[in-house]
Amino acid sequence: MNTAIQQTSVKTSEATVSDYFALLKPKVMSLVIFTGFAGMWVAPGLGSTHPFLAFVAMLCLATGAGAAGAINMWFDRDIDAIMDRTKDRPLPMGKIDPDEALTFGIVLSVFSVMLMGIALNWVAAGILAFANLFYVFIYTMWLKRSTPQNIVIGGAAGAFPPMIGWAAITGDITLYPLIMFAIIFFWTPPHFWALSLFANEDYKRAKIPMMTVTAGAHATKIQMIAYTLILLPLSLMPWLMGFESALYGVIAGILSTLFIISAIRVYQKADLMPAKMMFGYSVFYLFALFLAIMIG
Amino acid sequence: MPHSDLHKQKLKKNLAVLAMIIGFIAIIWVITMIRIAGG
């Protein structure tokens, strides 16, 4: 009995609060919070929503996204240990017991959905639950290890936050949140493939069928250009459809054109620097575009 | 008994869990008050 208790103590002894925080993928969470807030910001009726409830909606969105990230890390702990980019995460480092990580993720996910439903509405809660389930079961457990289209289809999970932010305020989904969804959906492949280009050896070692691994760098670069070309008219849609001002249109046009140029530079150069630059720019692009949506 | 690093680490974790529970209860309480007030 004593031995069992001692073993349990040793098993969980190294986990600190910051390890649990790292399980939530804080960088991804910041993007989710920002795009979710943009969806909430442009939703009609924000002014008549109690500020505390709006805060709770953001908290639920952040916690839900973090919970999905924790479950993703639990499931992927075997390949995370192989990849240089992820080997320092708490699970492959052995800092957190896998069962604890899974429990942590499930509890946070359930709580975030329930709280969203109680505080705001069940439409937003339902989309949050669907996004989490999609990320865990469709992307993490199925697509990621089975098809080069993993992040194309799986990217939908990351595109839900503006819809959730919008639905938290209005209780429904209209055309505008769907456009925001589409922007993130088509942004995801060039963003991830830029990363995949310079982390290709990692993905090869872990046997993840990323586009760069299965189809090669050349084919991936062509597809990256194609997605950035789709993003140009798509990013202009909020202005063309009258949701945003001409100022937004100008900013979106410039940002998307630069994104296309960065994809072309990746295609033209054999070295990895343009891919690294494009990855960095893609993060800036999404932040800047949604900031433009908010001020537009 | 002197506190070891393990004790300190577990105390931090337990305090974080306590803060989360108190925070959750406080959030539910405030939501209830807002709902009662018709918000």
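Of the 39 residues of chain B, 0% count as buried. This chain belongs to a predicted model, and its secondary structure consists of 1 helix and 0 strands. Taken along the principal axes, the C-alpha atoms of chain B fill a box of roughly 50 × 15 × 5 Å.

Chain B touches chain A through a contact that takes 10 residues from chain B and 10 residues from chain A. On the side of chain B that touches chain A, the residues divide into 6 nonpolar, 2 polar and 2 charged.

**Chain A as a whole**

Chain A contains 16 helices and 0 strands. Its radius of gyration is 20 Å, close to the 19 Å that the globule rule gives for 296 residues, so chain A is as compact as a globular protein of that length. The C-alpha trace of chain A spans about 70 × 55 × 25 Å along its principal axes. Buried residues make up 47% of the 296 residues in chain A. Among the contacts in chain A between residues at least 6 apart in sequence, 73% join residues at least 24 apart.

**The nonpolar core**

Which residues of the largest nonpolar core touch the most other members? Of its 94 residues, these are A:A57, A:A70, A:M116, A:A124, A:L128 and A:I164. Helix α4 (residues 51-75) of chain A supplies the largest share of this core, 14 residues.

The surroundings of A:I164 can be described in detail. Leaving aside neighbours within four places in sequence, A:I164 is in contact with A:G36, A:G39, A:L61, A:A124, A:I127, A:L128 and A:A131.

A further pair of residues is also of interest. A:F111 lies in helix α6 (residues 98-119) of chain A. The C-alpha atoms of A:F111 and A:T63 are separated by 8.6 Å, although these residues are 48 residues apart along the chain. Is A:F111 buried or partly exposed? With 16 C-beta neighbours inside 10 Å, A:F111 counts as partly exposed, because a buried residue needs 20 or more.

**A pair of helices**

Helix α15 (residues 246-268) and helix α16 (residues 273-295) of chain A have axes that come within 10 Å and cross at roughly 170°. That angle makes α15(A) roughly antiparallel to α16(A). By class, the contact of α15(A) with α16(A) has 17 nonpolar, 1 polar and 1 charged residues. Among the residues that meet are A:L255, A:F259 and A:R265 in α15(A), and A:M278, A:Y281 and A:L289 in α16(A).

Most residues other than glycine have a negative phi.

| Residue | Phi | Loop in chain A | Other C-beta atoms within 10 Å |
|---|---|---|---|
| A:K25 | about 50° | between α2 (17-23) and α3 (26-42) | 19 C-beta atoms |
| A:K207 | about 60° | between α12 (200-205) and α13 (211-214) | 10 C-beta atoms |

A:K25 has a positive phi although it is not a glycine, and A:K207 likewise has a positive phi without being a glycine.

Terms used. Residues are numbered from 1 along each chain as its sequence is written. Chains are lettered from A and ligands numbered from 1 in the order in which they are written. This is a predicted model: local features need pLDDT of at least 70, side-chain atom pairs count only at pLDDT 80 or more; totals for chains, interfaces and linings use all residues. Helices (H or I, at least four residues) and strands (E, at least two) are DSSP runs, numbered from the N terminus. The radius of gyration is taken over C-alpha atoms; the globule rule is 2.2 Å times the number of residues to the power 0.38. A residue is buried if 20 or more other C-beta atoms lie within 10 Å of its own, exposed if 12 or fewer, and partly exposed in between; C-beta atoms are placed from the backbone. Two residues are in contact if their C-beta atoms, placed from the backbone, lie within 7 Å. A nonpolar core is a set of buried Ala, Val, Leu, Ile, Met, Phe, Trp, Tyr and Cys residues joined through C-beta atoms within 7 Å. Axes are lines fitted to C-alpha atoms, for helices over the stretch in contact, and angles run from 0 to 180 degrees between N-to-C directions. Angles under 35 degrees count as roughly parallel, over 145 as roughly antiparallel, 65 to 115 as roughly perpendicular and the rest as oblique. Ala, Val, Leu, Ile, Met, Phe, Trp, Tyr, Cys and Pro count as nonpolar, Asp, Glu, Lys and Arg as charged, and the others, Gly among them, as polar.
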